[in-house]
Amino acid sequence: MGKELINWENGRWIGQTLEVENGVCAVPSTPEGELEYTDAVKAATDHLYKDVADFIPEFEWPAYAPLVHAINTLKKQKNAVILAHNYMTPDIFGLIGDYTGDSLGLAIEATKTDAEIIIQGGVHFMAETSKILCPNKRVFIPSMRAGCSLASSITGEDIKLIKQRYPGIPVVTYVNTSADVKAESDICCTSSNAVAIVEHICAEWGVNKVIMLPDEFLAKNVAKQTNIEVIAWHGRCEVHARFSAQDVRDMREAHPGVVVLAHPECPPEVVAESDFTGSTKAMSDYVSDNSPKNVILLTECSMSDNVAMENPDVDFVRPCNLCPHMKRITLENIYECLKDETNEVLVPEDQRVRAYKAVMDMINVKFDPVKGHFDPSLPQVGVKVI
Ligand code: 13P
Ligand code: SF4
(Lines give C-alpha, C1' and ligand atoms only; values in the text may rest on other atoms or scores of the structure.)
(Ligands and ions follow the chains in the order given, each with its own letter.)
Protein backbone atom coordinates (compact mmCIF):
# COMPACT_ATOMS: atom_id res chain seq x y z
CA MET A 1 0.00 0.00 0.00
CA GLY A 2 1.34 3.45 -0.91
CA LYS A 3 0.95 6.67 1.05
CA GLU A 4 -2.73 7.55 1.68
CA LEU A 5 -3.94 11.10 1.23
CA ILE A 6 -7.26 12.88 0.74
CA ASN A 7 -8.12 12.91 -2.92
CA TRP A 8 -9.25 16.15 -4.58
CA GLU A 9 -10.90 16.30 -7.97
CA ASN A 10 -12.12 19.58 -9.50
CA GLY A 11 -11.89 21.18 -6.10
CA ARG A 12 -14.06 18.49 -4.43
CA TRP A 13 -13.12 15.61 -2.19
CA ILE A 14 -14.48 12.49 -3.84
CA GLY A 15 -14.97 10.55 -0.69
CA GLN A 16 -12.18 7.99 -0.47
CA THR A 17 -8.44 8.18 0.08
CA LEU A 18 -6.20 7.05 -2.75
CA GLU A 19 -2.53 6.37 -3.29
CA VAL A 20 -0.59 9.38 -4.55
CA GLU A 21 0.06 8.40 -8.12
CA ASN A 22 0.28 10.48 -11.30
CA GLY A 23 -0.39 13.67 -9.37
CA VAL A 24 -3.75 12.61 -7.93
CA CYS A 25 -3.22 14.72 -4.81
CA ALA A 26 -4.04 18.37 -5.52
CA VAL A 27 -1.56 19.65 -2.92
CA PRO A 28 1.56 17.57 -3.61
CA SER A 29 3.93 19.84 -1.70
CA THR A 30 1.95 19.45 1.52
CA PRO A 31 3.92 17.73 4.27
CA GLU A 32 2.41 14.43 5.26
CA GLY A 33 -0.56 14.86 7.57
CA GLU A 34 -0.84 18.66 7.24
CA LEU A 35 -4.23 18.59 5.56
CA GLU A 36 -5.72 15.58 7.28
CA TYR A 37 -9.01 15.66 9.11
CA THR A 38 -7.56 14.90 12.51
CA ASP A 39 -9.36 15.12 15.85
CA ALA A 40 -7.61 18.45 16.44
CA VAL A 41 -8.81 19.85 13.10
CA LYS A 42 -12.31 18.58 13.81
CA ALA A 43 -12.34 20.25 17.25
CA ALA A 44 -11.06 23.53 15.80
CA THR A 45 -13.55 23.68 12.92
CA ASP A 46 -16.77 21.94 14.01
CA HIS A 47 -18.36 25.23 15.09
CA LEU A 48 -17.86 26.70 11.59
CA TYR A 49 -19.83 24.08 9.70
CA LYS A 50 -23.28 25.47 10.56
CA ASP A 51 -22.52 28.65 8.55
CA VAL A 52 -22.06 26.70 5.33
CA ALA A 53 -24.32 23.72 5.99
CA ASP A 54 -26.64 24.77 3.15
CA PHE A 55 -23.79 24.68 0.62
CA ILE A 56 -21.42 21.94 1.75
CA PRO A 57 -22.87 18.46 2.34
CA GLU A 58 -21.83 17.10 5.74
CA PHE A 59 -19.95 14.18 4.20
CA GLU A 60 -17.73 16.65 2.31
CA TRP A 61 -16.83 18.72 5.38
CA PRO A 62 -13.77 16.54 6.25
CA ALA A 63 -12.29 17.67 2.93
CA TYR A 64 -12.90 21.39 3.58
CA ALA A 65 -12.09 21.58 7.29
CA PRO A 66 -8.31 20.86 7.07
CA LEU A 67 -7.88 23.61 4.45
CA VAL A 68 -9.97 26.09 6.42
CA HIS A 69 -8.00 25.30 9.57
CA ALA A 70 -4.63 25.50 7.79
CA ILE A 71 -5.52 28.86 6.19
CA ASN A 72 -6.81 30.37 9.43
CA THR A 73 -3.66 29.17 11.26
CA LEU A 74 -1.32 30.55 8.56
CA LYS A 75 -3.12 33.90 8.65
CA LYS A 76 -2.29 34.28 12.35
CA GLN A 77 1.30 33.06 11.94
CA LYS A 78 1.99 35.43 9.05
CA ASN A 79 -0.15 38.41 10.14
CA ALA A 80 -2.19 38.09 6.95
CA VAL A 81 -5.77 39.03 6.08
CA ILE A 82 -8.06 37.80 3.36
CA LEU A 83 -10.20 40.42 1.62
CA ALA A 84 -13.09 38.45 0.14
CA HIS A 85 -15.37 39.93 -2.50
CA ASN A 86 -19.11 39.22 -2.44
CA TYR A 87 -18.63 36.89 -5.45
CA MET A 88 -16.37 34.45 -3.62
CA THR A 89 -17.84 31.00 -2.98
CA PRO A 90 -19.46 30.56 0.48
CA ASP A 91 -16.52 28.53 1.87
CA ILE A 92 -14.16 31.47 1.20
CA PHE A 93 -16.71 34.19 2.00
CA GLY A 94 -18.04 32.62 5.18
CA LEU A 95 -15.12 30.69 6.62
CA ILE A 96 -11.82 32.44 5.88
CA GLY A 97 -12.65 35.98 4.66
CA ASP A 98 -11.58 38.56 7.27
CA TYR A 99 -13.32 41.37 5.42
CA THR A 100 -16.10 40.82 2.95
CA GLY A 101 -17.86 43.30 0.72
CA ASP A 102 -17.99 45.14 -2.56
CA SER A 103 -15.05 46.67 -4.44
CA LEU A 104 -15.27 49.95 -2.55
CA GLY A 105 -15.55 48.28 0.86
CA LEU A 106 -12.54 46.04 0.21
CA ALA A 107 -10.43 48.97 -0.99
CA ILE A 108 -11.30 50.91 2.18
CA GLU A 109 -10.45 47.88 4.34
CA ALA A 110 -7.07 47.61 2.61
CA THR A 111 -6.26 51.15 3.77
CA LYS A 112 -7.18 50.30 7.37
CA THR A 113 -5.65 46.90 8.05
CA ASP A 114 -2.48 46.45 10.15
CA ALA A 115 -1.73 43.11 8.49
CA GLU A 116 1.58 42.69 6.68
CA ILE A 117 0.12 40.43 4.00
CA ILE A 118 -3.11 40.83 2.03
CA ILE A 119 -4.54 37.87 0.15
CA GLN A 120 -7.11 39.15 -2.31
CA GLY A 121 -10.16 36.91 -2.55
CA GLY A 122 -11.26 38.51 -5.78
CA VAL A 123 -9.81 39.37 -9.16
CA HIS A 124 -6.51 40.88 -10.26
CA PHE A 125 -7.65 44.51 -10.48
CA MET A 126 -8.82 44.30 -6.86
CA ALA A 127 -5.40 43.04 -5.77
CA GLU A 128 -3.74 45.85 -7.70
CA THR A 129 -6.02 48.35 -5.98
CA SER A 130 -4.90 46.98 -2.60
CA LYS A 131 -1.25 47.27 -3.64
CA ILE A 132 -1.80 50.81 -4.95
CA LEU A 133 -3.23 51.78 -1.58
CA CYS A 134 -0.77 49.78 0.57
CA PRO A 135 2.70 49.91 -1.02
CA ASN A 136 4.37 48.65 2.16
CA LYS A 137 2.25 45.53 2.41
CA ARG A 138 2.74 42.40 0.37
CA VAL A 139 -0.35 41.67 -1.72
CA PHE A 140 -1.04 38.28 -3.30
CA ILE A 141 -3.67 36.92 -5.67
CA PRO A 142 -4.24 33.16 -5.51
CA SER A 143 -4.61 32.89 -9.29
CA MET A 144 -2.94 35.23 -11.76
CA ARG A 145 -5.62 34.15 -14.25
CA ALA A 146 -8.38 35.85 -12.24
CA GLY A 147 -8.90 38.73 -14.67
CA CYS A 148 -11.97 40.75 -15.70
CA SER A 149 -13.48 41.39 -19.14
CA LEU A 150 -13.86 45.09 -18.27
CA ALA A 151 -10.26 45.46 -17.13
CA SER A 152 -8.99 43.84 -20.32
CA SER A 153 -11.13 46.08 -22.55
CA ILE A 154 -8.90 49.17 -22.19
CA THR A 155 -5.25 50.22 -21.71
CA GLY A 156 -3.44 53.25 -20.38
CA GLU A 157 -2.53 54.16 -23.99
CA ASP A 158 -6.26 54.28 -24.84
CA ILE A 159 -6.81 56.78 -22.02
CA LYS A 160 -3.97 59.00 -23.26
CA LEU A 161 -5.55 59.11 -26.73
CA ILE A 162 -9.01 59.82 -25.29
CA LYS A 163 -7.58 62.72 -23.26
CA GLN A 164 -5.97 64.17 -26.38
CA ARG A 165 -9.29 63.91 -28.18
CA TYR A 166 -11.39 65.38 -25.34
CA PRO A 167 -9.22 67.95 -23.55
CA GLY A 168 -10.79 69.54 -20.48
CA ILE A 169 -13.23 66.68 -19.85
CA PRO A 170 -12.54 64.59 -16.75
CA VAL A 171 -11.99 60.85 -17.12
CA VAL A 172 -13.81 58.81 -14.47
CA THR A 173 -12.51 55.27 -14.44
CA TYR A 174 -14.28 52.28 -12.94
CA VAL A 175 -12.02 50.43 -10.50
CA ASN A 176 -12.43 47.35 -12.73
CA THR A 177 -9.31 48.43 -14.64
CA SER A 178 -5.55 47.87 -14.49
CA ALA A 179 -3.19 50.09 -12.47
CA ASP A 180 -1.89 51.39 -15.80
CA VAL A 181 -5.37 52.70 -16.69
CA LYS A 182 -6.00 54.12 -13.21
CA ALA A 183 -2.68 55.99 -13.43
CA GLU A 184 -3.90 57.90 -16.50
CA SER A 185 -7.33 58.70 -15.02
CA ASP A 186 -8.58 61.77 -13.17
CA ILE A 187 -10.56 59.84 -10.58
CA CYS A 188 -11.86 56.32 -10.03
CA CYS A 189 -15.34 55.14 -9.11
CA THR A 190 -17.07 51.91 -8.15
CA SER A 191 -20.66 50.82 -8.68
CA SER A 192 -21.44 52.17 -5.16
CA ASN A 193 -20.38 55.72 -5.77
CA ALA A 194 -20.40 56.19 -9.57
CA VAL A 195 -23.13 58.86 -9.67
CA ALA A 196 -21.64 60.76 -6.73
CA ILE A 197 -18.15 60.70 -8.28
CA VAL A 198 -19.38 61.92 -11.67
CA GLU A 199 -21.18 64.83 -10.00
CA HIS A 200 -18.23 65.56 -7.71
CA ILE A 201 -15.59 65.73 -10.46
CA CYS A 202 -17.79 67.81 -12.74
CA ALA A 203 -18.40 70.32 -9.92
CA GLU A 204 -14.66 70.41 -9.22
CA TRP A 205 -13.73 70.98 -12.88
CA GLY A 206 -16.67 73.32 -13.54
CA VAL A 207 -17.90 71.21 -16.49
CA ASN A 208 -21.08 69.37 -17.36
CA LYS A 209 -19.61 66.48 -19.32
CA VAL A 210 -17.62 63.44 -18.27
CA ILE A 211 -15.90 60.47 -19.87
CA MET A 212 -16.82 57.35 -17.96
CA LEU A 213 -15.10 54.08 -18.77
CA PRO A 214 -14.71 51.25 -19.52
CA ASP A 215 -18.20 49.85 -18.79
CA GLU A 216 -20.69 51.03 -21.40
CA PHE A 217 -23.70 49.80 -19.42
CA LEU A 218 -22.61 51.30 -16.12
CA ALA A 219 -22.02 54.60 -17.93
CA LYS A 220 -25.49 54.45 -19.52
CA ASN A 221 -27.09 53.60 -16.18
CA VAL A 222 -25.26 56.48 -14.50
CA ALA A 223 -26.29 58.89 -17.27
CA LYS A 224 -29.96 58.26 -16.41
CA GLN A 225 -29.39 59.34 -12.79
CA THR A 226 -27.77 62.72 -13.45
CA ASN A 227 -28.00 65.78 -15.67
CA ILE A 228 -24.36 65.41 -16.63
CA GLU A 229 -23.55 64.37 -20.20
CA VAL A 230 -21.73 61.03 -20.24
CA ILE A 231 -19.37 59.73 -22.93
CA ALA A 232 -18.81 55.97 -22.64
CA TRP A 233 -16.32 53.30 -23.75
CA HIS A 234 -17.44 50.00 -25.27
CA GLY A 235 -16.34 47.63 -22.47
CA ARG A 236 -18.76 45.06 -21.05
CA CYS A 237 -18.88 42.74 -18.09
CA GLU A 238 -19.17 39.29 -19.63
CA VAL A 239 -21.31 38.16 -16.68
CA HIS A 240 -23.88 40.95 -16.43
CA ALA A 241 -24.14 41.64 -20.17
CA ARG A 242 -25.76 38.21 -20.57
CA PHE A 243 -28.97 39.17 -18.71
CA SER A 244 -31.80 40.43 -20.91
CA ALA A 245 -35.03 42.33 -20.26
CA GLN A 246 -36.95 39.31 -21.59
CA ASP A 247 -35.22 37.13 -18.94
CA VAL A 248 -36.62 39.43 -16.26
CA ARG A 249 -40.14 39.35 -17.71
CA ASP A 250 -40.00 35.54 -17.94
CA MET A 251 -38.80 35.28 -14.34
CA ARG A 252 -41.57 37.54 -13.09
CA GLU A 253 -44.13 35.40 -14.88
CA ALA A 254 -42.66 32.21 -13.42
CA HIS A 255 -42.37 33.67 -9.90
CA PRO A 256 -45.24 36.12 -9.31
CA GLY A 257 -44.41 38.75 -6.69
CA VAL A 258 -40.67 38.15 -6.84
CA VAL A 259 -38.42 41.18 -6.12
CA VAL A 260 -35.77 41.69 -8.79
CA LEU A 261 -32.42 43.28 -7.87
CA ALA A 262 -29.83 44.06 -10.54
CA HIS A 263 -26.20 45.15 -10.61
CA PRO A 264 -25.59 48.37 -12.63
CA GLU A 265 -23.23 46.47 -14.98
CA CYS A 266 -26.43 44.95 -16.43
CA PRO A 267 -27.79 46.47 -19.68
CA PRO A 268 -30.04 49.53 -19.09
CA GLU A 269 -33.12 47.60 -20.33
CA VAL A 270 -32.51 45.07 -17.55
CA VAL A 271 -32.12 47.81 -14.94
CA ALA A 272 -35.38 49.34 -16.20
CA GLU A 273 -37.16 46.02 -15.52
CA SER A 274 -35.70 45.66 -12.01
CA ASP A 275 -37.15 46.81 -8.68
CA PHE A 276 -33.80 47.97 -7.37
CA THR A 277 -30.31 48.41 -8.80
CA GLY A 278 -27.08 48.91 -6.88
CA SER A 279 -23.62 47.56 -6.09
CA THR A 280 -23.14 44.10 -4.64
CA LYS A 281 -23.20 45.65 -1.15
CA ALA A 282 -26.32 47.66 -1.93
CA MET A 283 -28.09 44.50 -3.12
CA SER A 284 -27.03 42.63 -0.01
CA ASP A 285 -28.20 45.50 2.23
CA TYR A 286 -31.51 45.67 0.36
CA VAL A 287 -32.23 42.02 1.18
CA SER A 288 -31.23 42.43 4.86
CA ASP A 289 -33.21 45.66 5.27
CA ASN A 290 -36.38 44.61 3.42
CA SER A 291 -36.48 40.81 3.92
CA PRO A 292 -38.41 40.18 0.69
CA LYS A 293 -40.22 36.85 0.65
CA ASN A 294 -38.79 35.89 -2.71
CA VAL A 295 -35.91 37.61 -4.49
CA ILE A 296 -33.78 37.37 -7.63
CA LEU A 297 -30.26 38.85 -7.75
CA LEU A 298 -29.24 39.52 -11.35
CA THR A 299 -25.54 39.11 -10.82
CA GLU A 300 -22.80 36.55 -10.19
CA CYS A 301 -23.92 33.18 -8.80
CA SER A 302 -22.14 33.16 -5.42
CA MET A 303 -23.80 36.41 -4.43
CA SER A 304 -27.15 34.70 -3.70
CA ASP A 305 -25.41 31.97 -1.67
CA ASN A 306 -23.60 34.54 0.45
CA VAL A 307 -26.61 36.79 0.98
CA ALA A 308 -28.71 33.70 1.77
CA MET A 309 -26.26 32.78 4.54
CA GLU A 310 -27.20 35.98 6.36
CA ASN A 311 -30.91 35.90 5.41
CA PRO A 312 -32.11 32.33 5.98
CA ASP A 313 -35.80 33.29 5.78
CA VAL A 314 -35.59 34.77 2.28
CA ASP A 315 -36.17 32.52 -0.75
CA PHE A 316 -33.72 33.10 -3.61
CA VAL A 317 -34.55 32.31 -7.23
CA ARG A 318 -31.13 31.83 -8.82
CA PRO A 319 -30.92 32.73 -12.51
CA CYS A 320 -27.29 33.70 -12.02
CA ASN A 321 -24.26 33.83 -14.33
CA LEU A 322 -20.84 32.57 -13.22
CA CYS A 323 -17.81 34.86 -13.38
CA PRO A 324 -15.04 32.52 -14.59
CA HIS A 325 -12.42 34.88 -13.17
CA MET A 326 -13.84 35.02 -9.65
CA LYS A 327 -14.27 31.26 -9.73
CA ARG A 328 -10.52 30.80 -10.29
CA ILE A 329 -10.05 31.59 -6.61
CA THR A 330 -10.43 28.47 -4.49
CA LEU A 331 -9.66 27.35 -0.94
CA GLU A 332 -6.84 25.24 -2.36
CA ASN A 333 -5.08 28.06 -4.21
CA ILE A 334 -5.59 30.47 -1.32
CA TYR A 335 -3.84 27.93 0.91
CA GLU A 336 -0.97 27.47 -1.57
CA CYS A 337 -0.62 31.21 -2.08
CA LEU A 338 -0.51 31.97 1.64
CA LYS A 339 1.84 29.09 2.43
CA ASP A 340 4.33 29.61 -0.41
CA GLU A 341 3.84 33.38 -0.88
CA THR A 342 3.42 32.98 -4.61
CA ASN A 343 1.65 35.31 -7.07
CA GLU A 344 2.69 38.56 -5.46
CA VAL A 345 1.09 41.58 -7.12
CA LEU A 346 3.49 44.44 -7.85
CA VAL A 347 2.85 47.85 -9.39
CA PRO A 348 5.71 50.05 -10.74
CA GLU A 349 6.15 52.93 -8.28
CA ASP A 350 5.64 55.85 -10.72
CA GLN A 351 2.42 54.22 -11.94
CA ARG A 352 1.32 53.39 -8.40
CA VAL A 353 1.69 57.00 -7.22
CA ARG A 354 -0.50 58.32 -10.04
CA ALA A 355 -3.06 55.54 -9.61
CA TYR A 356 -3.06 56.16 -5.83
CA LYS A 357 -4.26 59.71 -6.41
CA ALA A 358 -7.15 58.55 -8.61
CA VAL A 359 -8.23 55.88 -6.10
CA MET A 360 -7.71 57.99 -2.97
CA ASP A 361 -9.55 60.98 -4.47
CA MET A 362 -12.47 58.59 -4.94
CA ILE A 363 -12.30 57.22 -1.38
CA ASN A 364 -12.23 60.77 -0.01
CA VAL A 365 -15.53 61.71 -1.66
CA LYS A 366 -18.16 61.33 1.04
CA PHE A 367 -21.53 60.42 -0.41
CA ASP A 368 -25.00 59.44 0.68
CA PRO A 369 -25.22 55.66 0.04
CA VAL A 370 -28.74 56.21 -1.27
CA LYS A 371 -27.09 58.21 -4.07
CA GLY A 372 -25.48 54.92 -5.04
CA HIS A 373 -28.87 53.39 -5.77
CA PHE A 374 -30.14 53.55 -9.33
CA ASP A 375 -33.76 54.54 -9.88
CA PRO A 376 -34.99 51.99 -12.47
CA SER A 377 -37.97 54.14 -13.45
CA LEU A 378 -35.90 56.98 -14.94
CA PRO A 379 -35.96 57.22 -18.76
CA GLN A 380 -32.93 56.29 -20.85
CA VAL A 381 -30.79 59.14 -22.16
CA GLY A 382 -28.48 59.32 -25.17
CA VAL A 383 -24.89 58.35 -24.44
CA LYS A 384 -22.11 58.58 -27.02
CA VAL A 385 -19.97 55.41 -27.04
CA ILE A 386 -16.41 55.83 -28.28
P1 13P B 1 -19.06 45.74 -6.82
O2 13P B 1 -18.19 46.95 -6.72
O3 13P B 1 -20.52 46.07 -6.84
O4 13P B 1 -18.71 44.76 -5.76
O5 13P B 1 -18.81 45.05 -8.24
C6 13P B 1 -17.60 44.50 -8.62
C7 13P B 1 -17.73 43.65 -9.79
O8 13P B 1 -16.78 43.18 -10.34
C9 13P B 1 -19.07 43.39 -10.27
O10 13P B 1 -19.03 42.59 -11.39
FE1 SF4 C 1 -15.23 41.55 -14.19
FE2 SF4 C 1 -17.78 41.00 -14.61
FE3 SF4 C 1 -16.27 39.21 -13.36
FE4 SF4 C 1 -16.98 41.52 -12.13
S5 SF4 C 1 -18.31 39.86 -12.77
S6 SF4 C 1 -14.94 40.60 -12.18
S7 SF4 C 1 -16.97 42.95 -13.88
S8 SF4 C 1 -16.02 39.91 -15.49
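Helix α6 (residues 124–133) packs against helix α16 (residues 349–363) at an angle of about 100°, and their axes lie 9 Å apart. Helix α6 is therefore roughly perpendicular to α16. The model is predicted: local features need pLDDT of at least 70, side-chain atom pairs count only at pLDDT 80 or more, and totals for chains, interfaces and linings use all residues. Residues are numbered from 1 along each chain as its sequence is written, while chains are lettered from A and ligands numbered from 1 in the order in which they are written.

Axes are lines fitted to C-alpha atoms, for helices over the stretch in contact, and angles run from 0 to 180 degrees between N-to-C directions. Angles under 35 degrees count as roughly parallel, over 145 as roughly antiparallel, 65 to 115 as roughly perpendicular and the rest as oblique. Helices (H or I, at least four residues) and strands (E, at least two) are DSSP runs, numbered from the N terminus. From α6, Thr129, Ile132 and Leu133 meet Arg352, Ala355, Tyr356 and Val359 of α16. Contact here requires C-beta atoms, placed from the backbone, within 7 Å. By class, this contact of α6 with α16 has five nonpolar, one polar and one charged residues. Ala, Val, Leu, Ile, Met, Phe, Trp, Tyr, Cys and Pro count as nonpolar, Asp, Glu, Lys and Arg as charged, and the others, Gly among them, as polar.

Strand β3 (residues 80–85) is mostly covered, with six of its six residues buried. A residue is buried if 20 or more other C-beta atoms lie within 10 Å of its own, exposed if 12 or fewer, and partly exposed in between; C-beta atoms are placed from the backbone. Ala80, Ile82 and Ala84 point one way from β3, and Val81, Leu83 and His85 point the other way. Strand β3 pairs in the parallel sense with strand β5 (residues 117–121) over five bridges. Pairing requires at least two bridges found by DSSP. Within this pair, Val81 has Ile118 of β5 as its bridge partner. Strand β4 (residues 99–101) also runs parallel to β3, joined by three bridges. There, Ala84 is partnered by Thr100.

A separate description covers an open sheet of four strands. Its order is β12-β11-β13-β14, with parallel pairing. Strands β12 (276–277) and β14 (315–317) form the edges, each pairing on one side only. Two bridges link β11 (residues 259–262) to β12 in the parallel sense. Leu261 stands opposite Phe276 in β12.

Two ligands have residue shells, in which a residue is near if its C-beta atom, placed from the backbone, lies within 6 Å. Around ligand 1 are Asn86, Asp102, Ser103, Asn176, Thr190, Ser191, Cys237, His263, Glu265, Ser279 and Thr280. This shell divides into one nonpolar, eight polar and two charged residues. Ligand 2 has 13 residues around it, of which Cys148, Ser149, Cys237, Val239 and Cys323 come nearest. The shell of ligand 2 divides into seven nonpolar, three polar and three charged.

Some backbone geometry stands out. Most residues other than glycine have a negative phi, and most peptide bonds are trans. The peptide bond from Leu213 to Pro214 is cis, with omega near 5°. Pro214 sits in the loop between β9 (209–213) and α10 (216–223). Ser291 has a positive phi, near 35°. Ser291 counts as exposed because it has 11 C-beta neighbours inside 10 Å. Asn343 also has a positive phi, of about 60°. Asn343 has 20 C-beta neighbours inside 10 Å, so it counts as buried.

How values were computed. Contact = placed C-beta atoms within 7 Å.
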